[in-house]
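Welcome! Have a look at it first, and then we will go through it topic by topic.

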Amino acid sequence: MAQLAVNGGPKTRTKPFPAWPVFDETEVQALAEVCRSGHWGCLSGRKVAEFEKKFAAFQDAKYGVCVTNGTAALEVALRAVGVRPGDEVIVPPYTFIASASSVLTIGGIPVFVDIDPETYNLDPPKIEAAITEKTKAIMAVHIGGGPADMDAIAAVAKKHGLRVVEDAAQAHGAAWNGRRVGAIGDVGTFSFQSSKNLTAGEGGYVVTNDPEVYSAAWSLHNCGRVPEGQWYEHHILGWNLRLTEFQGAVLLAQMDRLEEQMKTREENALYLDSLLSKIEGIRPLRRDPRVTAHAYHLYIFRYDPQGFKRLPREKFLKALNAEGIPCSAGYVPLYKEEAFYAEPGGCPLGCAFYGREMDYSKVSCPVTEHVCANEAVWLFQSQLLGPKEDMDDIAQAVRKVQANAGEMDRG
Ligand SMILES: Cc1ncc(COP(=O)(O)O)c(C=O)c1O
(Lines give C-alpha, C1' and ligand atoms only; values in the text may rest on other atoms or scores of the structure.)
Protein backbone atom coordinates (compact mmCIF):
# COMPACT_ATOMS: atom_id res chain seq x y z
CA MET A 1 0.00 0.00 0.00
CA ALA A 2 1.17 3.57 -0.73
CA GLN A 3 3.03 5.57 1.88
CA LEU A 4 0.92 7.37 4.47
CA ALA A 5 -0.04 10.96 3.65
CA VAL A 6 1.25 11.98 7.08
CA ASN A 7 4.69 10.74 5.94
CA GLY A 8 4.51 12.53 2.58
CA GLY A 9 2.58 9.91 0.56
CA PRO A 10 -0.58 10.52 -1.50
CA LYS A 11 -3.87 11.16 0.36
CA THR A 12 -6.58 8.49 0.22
CA ARG A 13 -9.16 11.20 -0.34
CA THR A 14 -8.72 14.65 -1.82
CA LYS A 15 -12.41 15.54 -2.24
CA PRO A 16 -14.14 17.33 0.65
CA PHE A 17 -17.07 15.65 2.42
CA PRO A 18 -20.49 17.33 2.09
CA ALA A 19 -20.66 20.80 3.60
CA TRP A 20 -22.96 21.69 6.49
CA PRO A 21 -25.52 23.26 6.76
CA VAL A 22 -27.41 22.22 3.65
CA PHE A 23 -29.60 25.02 2.28
CA ASP A 24 -30.84 26.66 -0.88
CA GLU A 25 -33.19 29.44 -1.96
CA THR A 26 -35.94 27.97 0.25
CA GLU A 27 -34.17 29.20 3.40
CA VAL A 28 -33.26 32.52 1.75
CA GLN A 29 -36.90 33.10 0.73
CA ALA A 30 -38.19 32.07 4.14
CA LEU A 31 -35.89 34.61 5.81
CA ALA A 32 -36.87 37.34 3.35
CA GLU A 33 -40.53 36.61 4.01
CA VAL A 34 -40.10 37.06 7.76
CA CYS A 35 -38.08 40.22 7.18
CA ARG A 36 -40.75 41.77 4.98
CA SER A 37 -43.57 40.73 7.31
CA GLY A 38 -42.22 42.92 10.11
CA HIS A 39 -43.07 40.10 12.55
CA TRP A 40 -39.56 39.36 13.72
CA GLY A 41 -40.42 38.10 17.19
CA CYS A 42 -42.46 35.00 18.02
CA LEU A 43 -45.01 36.96 20.05
CA SER A 44 -46.54 38.45 16.91
CA GLY A 45 -45.36 36.00 14.21
CA ARG A 46 -46.50 32.43 13.54
CA LYS A 47 -43.32 30.64 12.38
CA VAL A 48 -42.03 29.60 15.80
CA ALA A 49 -45.52 28.46 16.85
CA GLU A 50 -45.88 26.44 13.64
CA PHE A 51 -42.48 24.83 14.12
CA GLU A 52 -43.21 24.04 17.78
CA LYS A 53 -46.28 22.03 16.76
CA LYS A 54 -44.59 20.34 13.83
CA PHE A 55 -41.48 19.29 15.74
CA ALA A 56 -43.47 17.99 18.73
CA ALA A 57 -45.47 15.76 16.37
CA PHE A 58 -42.26 14.65 14.67
CA GLN A 59 -40.80 13.61 18.02
CA ASP A 60 -44.01 11.71 18.97
CA ALA A 61 -44.78 14.25 21.70
CA LYS A 62 -47.77 16.34 22.65
CA TYR A 63 -46.08 19.62 23.56
CA GLY A 64 -42.96 21.59 22.77
CA VAL A 65 -41.48 25.03 23.46
CA CYS A 66 -38.71 26.66 21.43
CA VAL A 67 -35.95 28.34 23.42
CA THR A 68 -32.70 30.10 22.59
CA ASN A 69 -30.36 27.09 22.76
CA GLY A 70 -29.96 23.53 24.02
CA THR A 71 -28.27 24.65 27.24
CA ALA A 72 -31.20 26.91 28.15
CA ALA A 73 -33.55 24.07 27.18
CA LEU A 74 -31.87 21.85 29.79
CA GLU A 75 -32.16 24.52 32.49
CA VAL A 76 -35.84 24.97 31.68
CA ALA A 77 -36.47 21.22 31.55
CA LEU A 78 -34.76 20.55 34.87
CA ARG A 79 -36.70 23.32 36.61
CA ALA A 80 -39.95 22.28 34.92
CA VAL A 81 -39.73 18.77 36.38
CA GLY A 82 -39.01 20.18 39.83
CA VAL A 83 -35.23 20.09 40.24
CA ARG A 84 -34.50 22.64 42.96
CA PRO A 85 -31.31 23.97 44.61
CA GLY A 86 -29.55 21.15 46.41
CA ASP A 87 -31.20 18.37 44.41
CA GLU A 88 -28.92 15.81 42.81
CA VAL A 89 -29.20 14.82 39.17
CA ILE A 90 -27.48 11.74 37.76
CA VAL A 91 -25.57 12.63 34.60
CA PRO A 92 -23.08 10.73 32.42
CA PRO A 93 -19.62 12.32 32.24
CA TYR A 94 -19.30 11.50 28.53
CA THR A 95 -21.25 14.39 27.01
CA PHE A 96 -21.12 18.08 26.22
CA ILE A 97 -20.62 20.29 29.28
CA ALA A 98 -24.19 21.67 29.15
CA SER A 99 -25.67 18.31 30.31
CA ALA A 100 -24.02 18.87 33.70
CA SER A 101 -23.46 22.64 33.82
CA SER A 102 -27.22 23.18 33.40
CA VAL A 103 -27.74 21.27 36.66
CA LEU A 104 -25.23 23.52 38.42
CA THR A 105 -26.52 26.78 37.03
CA ILE A 106 -29.98 26.11 38.46
CA GLY A 107 -28.38 25.22 41.81
CA GLY A 108 -28.48 21.43 41.53
CA ILE A 109 -25.66 18.95 41.90
CA PRO A 110 -24.58 16.77 38.99
CA VAL A 111 -23.61 13.28 40.15
CA PHE A 112 -21.61 11.44 37.52
CA VAL A 113 -22.34 7.82 36.66
CA ASP A 114 -20.15 5.95 34.18
CA ILE A 115 -21.09 4.89 30.67
CA ASP A 116 -21.53 1.52 29.00
CA PRO A 117 -18.27 0.56 27.25
CA GLU A 118 -20.07 -0.61 24.10
CA THR A 119 -22.65 2.15 23.58
CA TYR A 120 -20.99 5.12 25.40
CA ASN A 121 -24.40 5.93 26.94
CA LEU A 122 -25.25 5.95 30.66
CA ASP A 123 -24.79 2.43 32.08
CA PRO A 124 -28.09 1.66 33.87
CA PRO A 125 -26.77 -0.99 36.33
CA LYS A 126 -24.42 1.66 37.74
CA ILE A 127 -27.18 4.19 38.48
CA GLU A 128 -28.62 2.73 41.69
CA ALA A 129 -25.38 3.00 43.66
CA ALA A 130 -25.36 6.77 43.00
CA ILE A 131 -28.90 7.42 44.24
CA THR A 132 -29.24 9.26 47.57
CA GLU A 133 -32.16 10.86 49.39
CA LYS A 134 -31.35 14.06 47.45
CA THR A 135 -31.55 12.52 43.99
CA LYS A 136 -34.34 14.09 41.98
CA ALA A 137 -33.70 13.09 38.38
CA ILE A 138 -31.71 11.00 35.92
CA MET A 139 -30.47 12.66 32.77
CA ALA A 140 -30.30 10.27 29.83
CA VAL A 141 -28.05 11.75 27.15
CA HIS A 142 -28.47 10.14 23.72
CA ILE A 143 -24.85 10.45 22.76
CA GLY A 144 -24.02 10.94 19.11
CA GLY A 145 -27.73 10.47 18.37
CA GLY A 146 -27.85 6.86 19.66
CA PRO A 147 -30.68 6.42 22.18
CA ALA A 148 -29.72 5.47 25.73
CA ASP A 149 -31.39 2.39 27.26
CA MET A 150 -34.70 4.06 28.09
CA ASP A 151 -36.30 0.84 29.39
CA ALA A 152 -33.67 0.31 32.07
CA ILE A 153 -33.47 4.02 32.96
CA ALA A 154 -37.27 4.25 33.28
CA ALA A 155 -37.27 1.15 35.52
CA VAL A 156 -34.71 2.60 37.96
CA ALA A 157 -36.48 5.97 37.92
CA LYS A 158 -39.81 4.34 38.69
CA LYS A 159 -38.38 2.26 41.51
CA HIS A 160 -36.91 5.36 43.21
CA GLY A 161 -39.56 7.93 42.26
CA LEU A 162 -37.18 9.96 40.08
CA ARG A 163 -37.83 12.18 37.07
CA VAL A 164 -36.22 11.34 33.72
CA VAL A 165 -34.79 14.17 31.61
CA GLU A 166 -33.62 13.28 28.10
CA ASP A 167 -30.80 15.37 26.66
CA ALA A 168 -31.56 14.72 23.00
CA ALA A 169 -29.45 17.67 21.76
CA GLN A 170 -27.77 15.27 19.31
CA ALA A 171 -30.71 12.97 18.64
CA HIS A 172 -33.31 14.60 16.39
CA GLY A 173 -35.50 11.85 15.00
CA ALA A 174 -33.78 9.03 16.91
CA ALA A 175 -36.15 6.36 18.21
CA TRP A 176 -36.14 3.75 20.98
CA ASN A 177 -38.51 0.80 20.47
CA GLY A 178 -40.30 2.66 17.69
CA ARG A 179 -40.85 5.81 19.74
CA ARG A 180 -38.92 8.97 19.00
CA VAL A 181 -36.81 10.25 21.87
CA GLY A 182 -37.42 13.36 23.97
CA ALA A 183 -40.80 12.64 25.52
CA ILE A 184 -40.17 9.01 26.48
CA GLY A 185 -39.05 10.36 29.85
CA ASP A 186 -40.77 13.23 31.68
CA VAL A 187 -39.14 15.92 29.57
CA GLY A 188 -36.52 16.15 26.82
CA THR A 189 -34.41 18.79 25.14
CA PHE A 190 -32.91 19.45 21.72
CA SER A 191 -30.32 21.83 20.33
CA PHE A 192 -30.45 23.61 16.96
CA GLN A 193 -26.90 24.98 17.21
CA SER A 194 -24.87 25.15 13.98
CA SER A 195 -23.43 21.64 14.03
CA LYS A 196 -26.71 19.88 14.86
CA ASN A 197 -28.69 17.68 12.45
CA LEU A 198 -31.50 20.25 12.56
CA THR A 199 -30.17 23.79 12.80
CA ALA A 200 -31.00 27.47 12.70
CA GLY A 201 -27.49 28.54 13.75
CA GLU A 202 -28.66 28.54 17.37
CA GLY A 203 -31.83 27.40 19.06
CA GLY A 204 -33.22 24.86 21.50
CA TYR A 205 -36.41 23.00 22.30
CA VAL A 206 -38.15 21.46 25.30
CA VAL A 207 -40.49 18.56 24.63
CA THR A 208 -42.92 16.69 26.88
CA ASN A 209 -46.19 14.78 27.06
CA ASP A 210 -47.03 16.23 30.47
CA PRO A 211 -49.27 19.34 30.39
CA GLU A 212 -47.93 20.56 33.74
CA VAL A 213 -44.32 20.27 32.63
CA TYR A 214 -45.24 22.05 29.39
CA SER A 215 -46.95 24.87 31.18
CA ALA A 216 -43.97 25.30 33.56
CA ALA A 217 -41.55 25.27 30.61
CA TRP A 218 -43.64 27.79 28.69
CA SER A 219 -43.70 30.11 31.67
CA LEU A 220 -39.98 29.70 32.41
CA HIS A 221 -39.01 30.62 28.84
CA ASN A 222 -41.29 33.66 28.82
CA CYS A 223 -40.26 35.63 31.93
CA GLY A 224 -42.60 33.72 34.25
CA ARG A 225 -45.71 34.83 32.39
CA VAL A 226 -48.81 32.65 32.09
CA PRO A 227 -50.67 32.09 28.80
CA GLU A 228 -53.81 34.05 29.67
CA GLY A 229 -52.07 36.58 31.92
CA GLN A 230 -51.22 40.23 31.38
CA TRP A 231 -47.89 41.34 29.92
CA TYR A 232 -46.78 42.63 33.32
CA GLU A 233 -47.88 39.64 35.30
CA HIS A 234 -45.11 37.25 36.33
CA HIS A 235 -45.99 34.20 38.38
CA ILE A 236 -42.56 32.62 38.71
CA LEU A 237 -38.96 33.65 38.11
CA GLY A 238 -38.18 32.88 34.51
CA TRP A 239 -35.97 34.03 31.68
CA ASN A 240 -36.58 35.52 28.26
CA LEU A 241 -35.54 32.57 26.10
CA ARG A 242 -37.86 33.16 23.16
CA LEU A 243 -36.69 32.27 19.66
CA THR A 244 -36.95 34.72 16.77
CA GLU A 245 -39.21 34.21 13.77
CA PHE A 246 -36.10 34.13 11.56
CA GLN A 247 -34.97 31.00 13.36
CA GLY A 248 -38.49 29.56 13.26
CA ALA A 249 -38.60 30.04 9.48
CA VAL A 250 -35.20 28.40 8.95
CA LEU A 251 -36.14 25.48 11.20
CA LEU A 252 -39.34 24.88 9.23
CA ALA A 253 -37.36 24.80 5.98
CA GLN A 254 -34.67 22.56 7.47
CA MET A 255 -37.28 20.15 8.80
CA ASP A 256 -38.39 19.39 5.27
CA ARG A 257 -34.91 18.01 4.64
CA LEU A 258 -34.55 16.07 7.87
CA GLU A 259 -36.15 12.68 7.07
CA GLU A 260 -34.27 12.30 3.82
CA GLN A 261 -30.99 13.25 5.51
CA MET A 262 -31.69 10.81 8.35
CA LYS A 263 -32.23 8.02 5.84
CA THR A 264 -28.94 8.78 4.08
CA ARG A 265 -27.01 8.94 7.36
CA GLU A 266 -28.46 5.63 8.57
CA GLU A 267 -27.75 3.82 5.29
CA ASN A 268 -24.19 5.11 5.16
CA ALA A 269 -23.56 4.46 8.85
CA LEU A 270 -24.75 0.86 8.62
CA TYR A 271 -22.63 0.31 5.52
CA LEU A 272 -19.63 1.86 7.28
CA ASP A 273 -20.29 -0.42 10.29
CA SER A 274 -20.08 -3.40 7.95
CA LEU A 275 -16.76 -2.21 6.48
CA LEU A 276 -15.08 -1.16 9.72
CA SER A 277 -16.10 -4.20 11.73
CA LYS A 278 -13.97 -6.31 9.37
CA ILE A 279 -10.84 -4.38 10.38
CA GLU A 280 -8.95 -5.77 13.35
CA GLY A 281 -8.71 -3.16 16.11
CA ILE A 282 -11.81 -1.23 15.01
CA ARG A 283 -15.26 -1.73 16.51
CA PRO A 284 -18.26 0.43 15.74
CA LEU A 285 -20.35 1.28 18.82
CA ARG A 286 -22.90 -1.46 19.61
CA ARG A 287 -26.33 -0.62 18.30
CA ASP A 288 -28.98 -2.01 20.63
CA PRO A 289 -31.73 -3.79 18.63
CA ARG A 290 -34.24 -1.51 20.40
CA VAL A 291 -32.65 1.50 18.64
CA THR A 292 -35.15 1.73 15.80
CA ALA A 293 -33.73 5.01 14.46
CA HIS A 294 -30.28 6.47 15.11
CA ALA A 295 -29.63 10.15 14.43
CA TYR A 296 -25.86 9.67 13.84
CA HIS A 297 -25.04 13.22 14.86
CA LEU A 298 -21.66 11.61 15.39
CA TYR A 299 -20.38 8.40 13.91
CA ILE A 300 -18.24 6.99 16.70
CA PHE A 301 -16.00 3.94 16.52
CA ARG A 302 -13.74 2.26 19.05
CA TYR A 303 -10.03 2.12 18.33
CA ASP A 304 -7.79 -0.56 19.80
CA PRO A 305 -4.06 0.12 19.26
CA GLN A 306 -3.39 -3.65 19.43
CA GLY A 307 -4.78 -3.99 15.92
CA PHE A 308 -2.45 -1.20 14.75
CA LYS A 309 0.95 -2.32 16.02
CA ARG A 310 0.27 -0.37 19.24
CA LEU A 311 -0.05 2.93 17.44
CA PRO A 312 -1.54 5.38 19.99
CA ARG A 313 -4.98 6.74 19.17
CA GLU A 314 -3.65 10.33 18.76
CA LYS A 315 -1.23 9.17 16.05
CA PHE A 316 -4.00 7.22 14.37
CA LEU A 317 -6.16 10.35 14.32
CA LYS A 318 -3.32 12.40 12.88
CA ALA A 319 -2.71 9.85 10.14
CA LEU A 320 -6.42 9.50 9.29
CA ASN A 321 -6.87 13.28 9.11
CA ALA A 322 -3.84 13.49 6.82
CA GLU A 323 -5.49 10.87 4.56
CA GLY A 324 -8.35 13.34 4.03
CA ILE A 325 -10.76 11.89 6.61
CA PRO A 326 -11.63 14.56 9.21
CA CYS A 327 -11.89 12.91 12.64
CA SER A 328 -11.33 13.76 16.27
CA ALA A 329 -10.96 12.27 19.75
CA GLY A 330 -14.05 13.95 21.23
CA TYR A 331 -14.76 14.69 24.87
CA VAL A 332 -12.68 14.65 28.02
CA PRO A 333 -14.46 13.28 31.13
CA LEU A 334 -16.65 16.19 32.24
CA TYR A 335 -15.55 16.05 35.87
CA LYS A 336 -12.00 16.76 34.74
CA GLU A 337 -13.07 20.10 33.28
CA GLU A 338 -11.94 22.99 35.44
CA ALA A 339 -15.53 24.22 35.72
CA PHE A 340 -16.45 21.22 37.87
CA TYR A 341 -13.77 21.48 40.51
CA ALA A 342 -15.54 22.29 43.72
CA GLU A 343 -13.82 24.96 45.78
CA PRO A 344 -14.58 25.33 49.47
CA GLY A 345 -18.04 26.83 49.64
CA GLY A 346 -18.89 26.45 45.99
CA CYS A 347 -17.64 26.02 42.47
CA PRO A 348 -16.11 28.64 40.17
CA LEU A 349 -19.58 29.28 38.75
CA GLY A 350 -20.55 30.63 42.13
CA CYS A 351 -23.05 27.89 42.91
CA ALA A 352 -23.09 26.65 46.47
CA PHE A 353 -23.21 22.91 46.95
CA TYR A 354 -25.93 22.99 49.55
CA GLY A 355 -24.36 20.92 52.24
CA ARG A 356 -22.95 18.04 50.23
CA GLU A 357 -19.20 17.96 49.94
CA MET A 358 -18.70 17.65 46.23
CA ASP A 359 -15.13 17.25 45.15
CA TYR A 360 -15.09 16.33 41.50
CA SER A 361 -11.35 15.70 41.61
CA LYS A 362 -12.22 12.49 43.49
CA VAL A 363 -14.73 11.26 40.90
CA SER A 364 -13.60 8.27 38.88
CA CYS A 365 -15.47 6.78 35.94
CA PRO A 366 -12.97 4.31 34.46
CA VAL A 367 -14.87 3.50 31.28
CA THR A 368 -15.26 7.18 30.37
CA GLU A 369 -11.60 7.80 31.17
CA HIS A 370 -10.42 4.97 28.94
CA VAL A 371 -12.75 5.98 26.11
CA CYS A 372 -11.64 9.62 26.24
CA ALA A 373 -7.94 8.91 26.60
CA ASN A 374 -7.44 5.98 24.25
CA GLU A 375 -10.40 4.69 22.36
CA ALA A 376 -13.06 6.96 20.82
CA VAL A 377 -12.82 8.20 17.25
CA TRP A 378 -15.47 10.63 16.02
CA LEU A 379 -16.61 11.37 12.51
CA PHE A 380 -19.10 14.20 11.98
CA GLN A 381 -22.70 13.77 10.75
CA SER A 382 -22.24 15.55 7.41
CA GLN A 383 -19.56 12.99 6.44
CA LEU A 384 -22.49 10.56 6.20
CA LEU A 385 -24.49 12.70 3.79
CA GLY A 386 -22.67 11.86 0.58
CA PRO A 387 -22.61 8.72 -1.60
CA LYS A 388 -21.73 5.23 -0.39
CA GLU A 389 -18.29 5.59 -1.99
CA ASP A 390 -17.40 8.13 0.71
CA MET A 391 -17.71 5.29 3.25
CA ASP A 392 -15.40 3.16 1.09
CA ASP A 393 -12.85 5.99 1.28
CA ILE A 394 -13.10 6.12 5.08
CA ALA A 395 -12.58 2.36 5.42
CA GLN A 396 -9.80 2.41 2.82
CA ALA A 397 -7.96 5.16 4.75
CA VAL A 398 -8.27 3.18 8.01
CA ARG A 399 -6.88 0.06 6.29
CA LYS A 400 -4.03 2.12 4.85
CA VAL A 401 -3.09 3.47 8.30
CA GLN A 402 -3.22 -0.08 9.64
CA ALA A 403 -0.99 -1.45 6.89
CA ASN A 404 1.57 1.29 7.51
CA ALA A 405 1.22 1.54 11.29
CA GLY A 406 4.71 0.11 11.80
CA GLU A 407 6.22 3.05 9.94
CA MET A 408 4.73 5.64 12.22
CA ASP A 409 6.56 6.99 15.18
CA ARG A 410 4.73 5.74 18.28
CA GLY A 411 5.99 8.43 20.67
C1 LIG B 1 -25.35 16.56 24.45
C2 LIG B 1 -25.54 18.04 24.37
N3 LIG B 1 -26.27 18.66 25.31
C4 LIG B 1 -26.50 19.98 25.29
C5 LIG B 1 -25.98 20.77 24.29
C6 LIG B 1 -26.18 22.24 24.36
O7 LIG B 1 -26.78 22.81 23.25
P8 LIG B 1 -26.46 24.31 22.80
O9 LIG B 1 -25.08 24.35 22.24
O10 LIG B 1 -27.52 24.60 21.80
O11 LIG B 1 -26.58 25.17 24.02
C12 LIG B 1 -25.23 20.18 23.26
C13 LIG B 1 -24.72 21.00 22.14
O14 LIG B 1 -23.60 21.07 21.80
C15 LIG B 1 -24.98 18.79 23.31
O16 LIG B 1 -24.26 18.16 22.37
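Is Tyr296 buried or exposed? With a relative accessible area of 5%, Tyr296 is buried, where buried means under 20% relative accessible area, exposed means over 50% and partly exposed lies in between (1.4 Å probe, protein chains only). Please keep in mind that this is a predicted model, in which local features need pLDDT of at least 70 and side-chain atom pairs count only at pLDDT 80 or more, while totals for chains, interfaces and linings use all residues. Residues are numbered from 1 along each chain as its sequence is written, and side-chain values use heavy atoms, leaving out hydrogens and water.

**The whole chain**

- The protein chain holds 10 helices and 13 strands; these are DSSP runs numbered from the N terminus, with helices (H or I) of at least four residues and strands (E) of at least two.
- For 411 residues, a compact globule would have a radius of gyration near 22 Å, and the protein chain agrees with its 22 Å; the radius is taken over C-alpha atoms, and the globule rule is 2.2 Å times the number of residues to the power 0.38.
- The C-alpha trace spans about 70 × 55 × 35 Å along its principal axes.
- Of the 411 residues, 56% are buried.
- Among contacts (heavy atoms within 4.5 Å) with a separation of 6 or more, 72% are between residues 24 or more positions apart.
- The chain exposes about 17,100 Å², and carbon and sulfur atoms supply 53% of that area; accessible areas come from the Shrake-Rupley method with a 1.4 Å probe, and for residues only the protein chains shown count as cover.

- Strand 12 (residues 298-303) is largely enclosed by the rest of the structure, because six of its six residues are buried.
- In a regular strand, side chains alternate between the two faces of the sheet.
- Both faces of strand 12 are covered, with Leu298, Ile300 and Arg302 buried on one side and Tyr299, Phe301 and Tyr303 buried on the other.
- Strand 10 (residues 282-284) runs antiparallel to strand 12 and is joined to it by three bridges; two strands pair if DSSP finds at least two bridges between them.
- In that pairing, Arg283 stands opposite Arg302 of strand 12.
- Strand 13 (residues 376-380) is also antiparallel to strand 12, with five bridges between them, and its Phe380 stands opposite Leu298.

- Most residues other than glycine have a negative phi, and most peptide bonds are trans.
- Tyr296, in the loop between strand 11 (291-293) and strand 12, has a positive phi of about 45 degrees although it is not a glycine.
- Tyr120 has a positive phi too, near 65 degrees; this residue sits in the loop between strand 3 (109-112) and strand 4 (135-141) and is buried, with a relative accessible area of 0%.
- Trp20 and Pro21 are joined by a cis peptide bond with omega about 0 degrees, and Pro21 belongs to the segment before helix 1 (25-37).

**A look at Ile236**

- Ile236 is found in the loop between helix 6 (211-221) and helix 7 (245-276), and counts as partly exposed because its relative accessibility is 38%.
- Leaving aside neighbours within four places in sequence, Ile236 is in contact with Ala216, Ser219, Leu220, Cys223 and Gly224.
- From Tyr214, Ile236 is 22 residues away in sequence and 14 Å away in space, C-alpha to C-alpha.
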